Amino acid sequence: MASSSIKAVRGTRDLLPPETDLWNRVEATARAVFARYGFGEIRTPLFEETSLFARGVGEETDIVSKEMYTWEDRARAASEKAQSLTLRPENTAGVVRAYIEHKLGDTGNLQKLFYIGPMFRRERPQRGRYRQFWQIGAEVIGPPTSGAESAVRDAEVLEMLASLLDELGITGWTLSVNSVGSSTDRPRYVAALREALAPIKDQLSPDNQRRAETNPLRVLDSKEETDQALIDGLPKIADFLDAESTEHFRQVLAALDACGVPYTVNPRLVRGLDYYTRTTFEFSHSVGLGSQNALLGGGRYDGLSEMLGGPRAPGIGFAIGEDRLILTLQAQAKAASATKKLDAFIAPMGVERNAAALALAKDLRRAGLSVEVGDGGFRLKKSFEAADKVARRIVILGEDEVASEVYTVKEFATATQTKVPKAELVEALQA
Ligand code: HAM
């Protein structure tokens, strides 16, 4: 009996040529841009001790509470201890661990580090969301004396991202920014949120009822349609920022204005990881990603080093979802090639219609349309395939059409088929 074939695990996938050429081009461009801004590469292990993520990313986050690939690693020798290990769901915690472990702060300098590699989250797979996915990320971190806390760093990172996306040819991205305040602002805000959520909790969807209990900040970035009006009415973090955080955010926005980086302030952007303080941001794109439209996300994490037992080391960084970036580039290329297609492909049905097809093509071309002519020797299916490759529409020229001078026109993008009299054909094909 033949055994069934083994497939890639759900939520993972193979990347094959020629698509891998595009991945390499994206990564080469990212490396070149990072070099111009003074970033060097860091490579951290694909797995870490589970407690790194529990402490860094936060026990109550979706990532740690339900999405991590964690296992109990057996001891192989008496000198070893069994330990809980986890495939990295993200890399900021790993980079900060490495920063602490290698005492990178002792140089007194700002560390600018970038990474490119796979991350692992047990999420529900869909377009743009995988269980093994790739991130291109960068972190700027240093001792307080290095200026790591300055708003200049935030704006520089955001301006670099805008330049990178532009250089990659991503058009139409949008940047949302927010400030989630200092580690003392956040608890005050969370307390206010809890208070505001308590009387309306029963009206929320079951997911948000749970979040209202466990992690009220998560209610803010819920996409649950029916909860939106209630969420819009909740207190805003901006009203809970202390004077320094307010001033920091003002400086970030002023620097973005000076660099000409367009943004919108989204007071609900709190992001799904616990380490964030002050600036948070997301770049989104509407083409090719469906509901998973966050191309990249990031923010400041001024307390993360201390949470991991290290010295004070403010930082800011981001991670681009490389899979999503590639999907966006592919969707854009497809849209661009569609607009480059000819206005029409004329398909004669039978070689006796070849001359009529050529005569019709002549009239249409003289009217300024771009037209290709098929061959009457083609079967209908082959005509359709040939037409779809080069033109936006097919005009079918059979015996009836030649006699009646009413043509059948099919528009590929919308899959609509219409009958168009000769007198109206130029106008129909110009649309
Ligand atoms: P994150 O928002 O969890 O942030 O992930 C960053 C980006 O990774 C997302 O915007 C998305 O494009 C991509 N991504 C996340 N999950 C998936 C998935 N399952 N499939 C495909 N793409 C995905 C972080 O990871 C932070 N470490 C970013 C950061 C760096 N903050 C400061 N420094």
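I started with Tyr130: a polar atom of its backbone is 2.8 Å from a nitrogen atom of the ligand. Keep in mind that this is a predicted model.

Next I looked up Glu123. Here a polar atom of the side chain lies 2.7 Å from a nitrogen atom of the ligand. Then I went to Gly321, where a backbone N or O atom sits 3.4 Å from an oxygen atom of the ligand.

How much of the ligand does the protein bury? I got 96% of the 660 Å² that the ligand exposes when taken alone.

I then listed the surroundings. The ligand has 26 residues around it, and the closest are Glu90, Glu123, Tyr130, Glu139 and Tyr276. Sorted by class, that shell has 11 nonpolar, 8 polar and 7 charged residues. Which elements give two or more residues to the shell? I noted β6 (132-141), β10 (294-300) and β11 (315-321). β10 gives the most, with 6 residues.

Now for my other residue, Phe240. I found Phe240 in the loop between α9 (228-232) and α10 (243-259). Is Phe240 buried or exposed? Its relative accessible area is 19%, and buried means under 20%, so Phe240 counts as buried.

I also checked what Phe240 touches. Leaving out residues up to four places away in sequence, I wrote down Asp185, Arg188, Tyr189, Ala192 and Pro235. Last, I took a distance: the C-alpha atoms of Phe240 and Glu80 are separated by 48 Å, and the two residues are 160 apart along the chain.

Note on methods. Residues are numbered from 1 along each chain as its sequence is written. This is a predicted model: local features need pLDDT of at least 70, side-chain atom pairs count only at pLDDT 80 or more; totals for chains, interfaces and linings use all residues. Side-chain values use heavy atoms; hydrogens and water are left out. A residue is near a molecule or strand if one of its heavy atoms lies within 4 Å of it. A polar contact is a pair of N or O atoms within 3.5 Å; within protein, one must be able to donate a hydrogen and the other to accept it, and residues adjacent in sequence count only if both atoms are side-chain atoms. Accessible areas come from the Shrake-Rupley method with a 1.4 Å probe; for residues, only the protein chains shown count as cover. Helices (H or I, at least four residues) and strands (E, at least two) are DSSP runs, numbered from the N terminus. Ala, Val, Leu, Ile, Met, Phe, Trp, Tyr, Cys and Pro count as nonpolar, Asp, Glu, Lys and Arg as charged, and the others, Gly among them, as polar. Buried means under 20% relative accessible area, exposed over 50%, partly exposed in between (1.4 Å probe, protein chains only). Contact means heavy atoms within 4.5 Å.
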